[in-house]
Amino acid sequence: MEMVKLSIDGKEIEVPAGTTVLNAAEQAGIHIPRLCYEPDLSPFGACRLCVVEIKGMRNLPASCVTAVAPGMVVQTRSPAVIEARRTILELLIANHPQDCLTCEKMGACKLAQYCYEYGVKQSSLQGERHNYAVDDSNPFIVRDPNKCILCGKCIRACAEITGKNNLDFAYRGFDTKATTFYDVPFVESDCVFCGNCVSVCPTGALTEKQMQGKVRHWECQKVRTTCPFCGTGCNFDLCVKDGKVVGVVSGPEGAVNGRALCIKGRFGWDFIYNDRRLTTPLIKRDGKFEPASWDDALVLIADRLSEIKAKYGPDAFASLSSARCTNEENYLVQKFTRAVMGTNNVDHCART
Amino acid sequence: MAGLATSFGSGAMTNSISEIAQAELLFLIGTNTTEAHPVIGYKMRQAARKGAKLTVVDPRRIELAEEADYWLRIRPGTDIPFLNGLMNIIIAENLYDRVFVEERTENFAALKETVEKYTPGYVSGLTGIPVEDLYAVARLYAGTDKAMIFYTLGITEHVCGTNNVMSIANLAMLTGHMGRPGTGVNPIRGQNNVQGACDMGALPNVFSGYQRVIDPVAREKFEQAWGVSLPGEIGLMIPEMFDRANAGEVKAMYILGENPVLTDPNSNHIRSGLEKLEFLVVHELFLTETAEYADVILPAASFAETDGTFTNTERRVQRVRKAVEPLPGKTNWQVIMALGEKMGYPMSYGSAEEIFKEMASLTPSYGGISYARIDEKGLQWPCPTADHPGTPYLHANSFVRGRGLFQSIEHIPPAEMPDQEYPFLLSTGRILYHYNVTTPYSAAIKSMWPEEYAEVNPEDAARLGFVTGDTARVTSRRGEVTAKVRVTDRVPPGMIWMSFHYGESPTNVLTSAALDPVTKTGEYKVCAIKIEKIREAV
């Protein structure tokens with residue numbers, strides 16, 4: 001592999017040819033701010049926040065779309081760069097709602113984070129502001145186009161991860177909008193509600209509806225687990241607050257899926273709290289189910305199974321285990337069936 | 001699974017999901033991947049758009065058919081003639097991998113003789129696939145170095161499911177598409193832990209790791225570990241359990257996390273079997289149609305309430321972590337353990353990890369896997385030792401059984417085909433928005449997709465006077481259901497397609513009782529029905 005030597009903020013580094021300046025800096029431990037760049041999406045160069053100063057170049061190039069060259073001398077925090085980034089942030093917030101107190105993204109908003117880092121408290125630029133309706137048309141995703149900074153990550157996630165190409169830029173200039181074909185609400189579009197767009201959105205433009213008003217990002221305890229639906233085995237984090245699951249989020253680390261999920265994995269978790277969940281053992285008496293204690297239920301089962309085994313033999317018993325349950329549960333069901341009941345009558349619906 | 005076990009010696013998916021990105025051809029047969037396994041579907045679509053060829057063999061114009069280089073609209077139940085037809089062309093044109101066939105396989109002569117009569121013209125007549133498409137796809141598959149075959153229940157849920165699978169194995173071996181990255185025979189497992197439930201020995205013929213119960217050595221090992229004597233006869237498979245329950249021979253059942261009334265074919269037979277039981281325990285999240293028959297219902301803990309592992313379709317063992325306390329107060333493994341204790345068989349696991357450790361110590365393919373090792377990324381079995389890196393693809397230098405076994409497979413038509421009284425062919429499957437029978441309990445998902453829509457081709461709809469939204473009665477020899485109708489050319493004329501997610505439209509009342517004789521898998525994909533309008537769309 002051809003290697004290229006360059007200097008970033010005075011550090012001499014060597015990276016493979018073709019690496020972008022942004023990634024080269026990352027390898028040298030230098031973080032360059034970015035809004036539209038995402039490692040698992042194609043580079044786009046839209047937000048300009050990642051601009052750097054490169055000796056010999058006329059303008060400040062966007063480091064996410066500039067490849068390294070031998071002998072390059074890069075400054076990532078020169079006064080010109082800092083000033084440019086401030087101006088970019090001021091331009092962005094000139095037309096951005098500042099209802100951060102109640103914004104779902106508070107605590108995880110990239111725009112707010114960079115404004116904070118660069119000391120941009122308000123915009124010196126006053127001009128027209130958008131007043132779009134919020135798309136609240138479906139039970140999964142809330143879309144507030146007023147908070148969109150046109151980074152295009154949702155568009156690329158939809159095209160490059162999910163492959164639905166349901167989103168694109170519409171209209172021109174100030175009216176440019178990241179939206180669906182014909183600018184219709186999600187529910188009327190071809191959206192499959194995978195939420196992969198939500199997982200990359202840097203601002204409060206796309207948020208999970210089920211989490212609205214429930215949890216602040218910093219309150220959320222994240223528990224990495226494996227999806228309980230199909231056999232793909234996607235990883236995601238369950239967000240837990242006060243001992244309750246409040247949502248699902250995905251990062252780029254999933255072994256099989258990266259950040260990609262489908263509607264079931266990302267939004268189907270609320271079956272956990274369906275009103276019809278059984279929470280106590282039930283014993284049928286005179287054709288009706290009556291609540292019982294764990295001990296009463298288990299004693300009854302043990303007695304009846306022992307009786308039946310004694311009267312009819314072990315093979316009068318059969319158990320169905322479950323392809324939805326864990327390995328540990330399945331192992332115990334077959335162990336119970338074989339070691340306790342004394343029969344090999346154990347199966348599960350592997351065939352469906 | 002039995003099919004691949006016969007051909008290769010192992011029933012699992014041979015290769016890995018990540019290899020989709022390296023493949024030059026994706027050959028899909030009987031899998032609607034973007035709906036049933038969406039994230040794998042994304043990867044297929046990405047690969048196709050980056051230049052990999054895509055062949056889709058499916059009676060329905062599924063989403064990936066739109067992206068395919070070849071979409072072959074095969075007649076349901078004619079997979080074997082189709083596959084034999086491809087092999088006929090590949091052998092006739094000398095496109096097969098002679099070296100691989102000679103060095104790695106056996107019984108080639110028998111295969112060659114069988115496929116000889118499956119000439120392109122004959123096969124085209126049976127399958128409805130044009131002769132030129134048969135030639136093109138045969139040449140494409142044989143001529144591509146890295147070609148992966150994927151299939152799911154469109155292949156296995158037939159009376160000839162096992163034979164279908166062995167035919168696919170024949171095709172892959174014939175062309176040497178085995179034992180390398182970006183190749184292989186890849187059944188995508190339906191449920192999150194089908195692979196794991198099989199691996200754990202929740203099957204009537206094997207202990208964990210496919211150690212056979214009839215093998216005295218394996219039995220002795222488990223007898224020693226578990227401190228009891230164990231039965232040596234193979235147990236009952238699900239359909240046999242319900243046959244015996246109906247016959248009054250099986251008297252008691254314990255059912256964990258399954259709802260056979262809704263998901264098994266010919267559900268009236270299941271219901272009568274459950275009714276005849278003297279004692280039924282159902283361990284479930286919800287009061288399901290099956291739980292209604294229970295004498296005792298035990299409330300189950302969901303995946304978010306327990307520690308453990310799932311094994312995905314590519315044999316990757318991954319962690320499940322307890323995020324919240326179990327709603328019913330006990331995890332499922334604690335309940336089974338307590339029940340064992342009450343019956344005089346103490347099990348004293350302090351954690352799910354201790355169960356895993358015991359299992360791994362008795363299961364060679366899991367022997368090197370521990371919670372510590374799979375904390376971040378999971379490991380793909382076989383992983384026999386603590387320093388083994390796991391196995392992304394199987395059969396690298398030799399098949400698990402030694403040589404790959406070619407099987408002579410003849411066409412077996414579906415058990416029940418449309419006739420004058422029941423003129424339509426019903427096929428069933430999953431839709432994107434639901435997962436079997438759990439997702440209807442998601443309020444958000446249920447609010448958007450609350451009811452069944454039977455797909456009807458526009459030609460049939462015009463003849464029967466259906467428009468989308470009408471309510472229809474769908475009747476087979478076994479029962480009837482009502483469902484809304486969607487008019488769409490996703491299905492060919494003469495075919496109706498329904499999902500099985502909804503308790504209100506329990507499609508499996510209709511499906512055939514015919515089974516694959518080896519695996520006892522129901523023929524969910526083909527039965528004969530009639531359909532009549534009972535209400536106009538509003």
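1. Between chain A and chain B there are four salt bridges, a salt bridge being a side-chain nitrogen of Lys or Arg within 4 Å of a carboxyl oxygen of Asp or Glu. One of them joins the side chains of Arg277(A) and Glu305(B), with an N to O distance of 2.9 Å. The model is a predicted one, in which local features need pLDDT of at least 70 and side-chain atom pairs count only at pLDDT 80 or more, whereas totals for chains, interfaces and linings use all residues. Residues are numbered from 1 along each chain as its sequence is written, chains are lettered from A and ligands numbered from 1 in the order in which they are written, and side-chain values use heavy atoms, with hydrogens and water left out.

2. The two chains also share 65 residue pairs in polar contact, both residues at pLDDT 80 or more; such a contact is a pair of N or O atoms within 3.5 Å, where within protein one must be able to donate a hydrogen and the other to accept it, and residues adjacent in sequence count only if both atoms are side-chain atoms. The side of chain A that touches chain B comprises 60 nonpolar, 33 polar and 20 charged residues, with Ala, Val, Leu, Ile, Met, Phe, Trp, Tyr, Cys and Pro taken as nonpolar, Asp, Glu, Lys and Arg as charged, and the others, Gly among them, as polar.

3. As to extent, 113 residues of chain A and 145 residues of chain B take part in the contact, defined by heavy atoms within 4.5 Å. About 10,800 Å² is buried between the chains, 64% of it on carbon and sulfur atoms, buried area being the accessible area (1.4 Å probe) that two parts lose on being put together, summed over both.

4. Strand E12 (residues 282-285) of chain A and strand E9 (residues 296-299) of chain B run antiparallel and are joined by two bridges, strands being DSSP runs (E, at least two residues) numbered from the N terminus and pairing if DSSP finds at least two bridges between them. Ile283(A) has Val296(B) as its bridge partner in E9(B).

5. Within chain A, domain 2 (116-213) and domain 3 (216-273), whose bounds come from an automatic or database domain assignment, have C-alpha centres 21 Å apart. They bury about 1,100 Å² between them, 60% of it on carbon and sulfur atoms; on the domain 2 side, Ser199(A), Gln210(A) and Met211(A) lose the most area, together 42% of what that side buries. Across this interface there are zero salt bridges, but six residue pairs are in polar contact.

How values were computed:
Helices (H or I, at least four residues) and strands (E, at least two) are DSSP runs, numbered from the N terminus.
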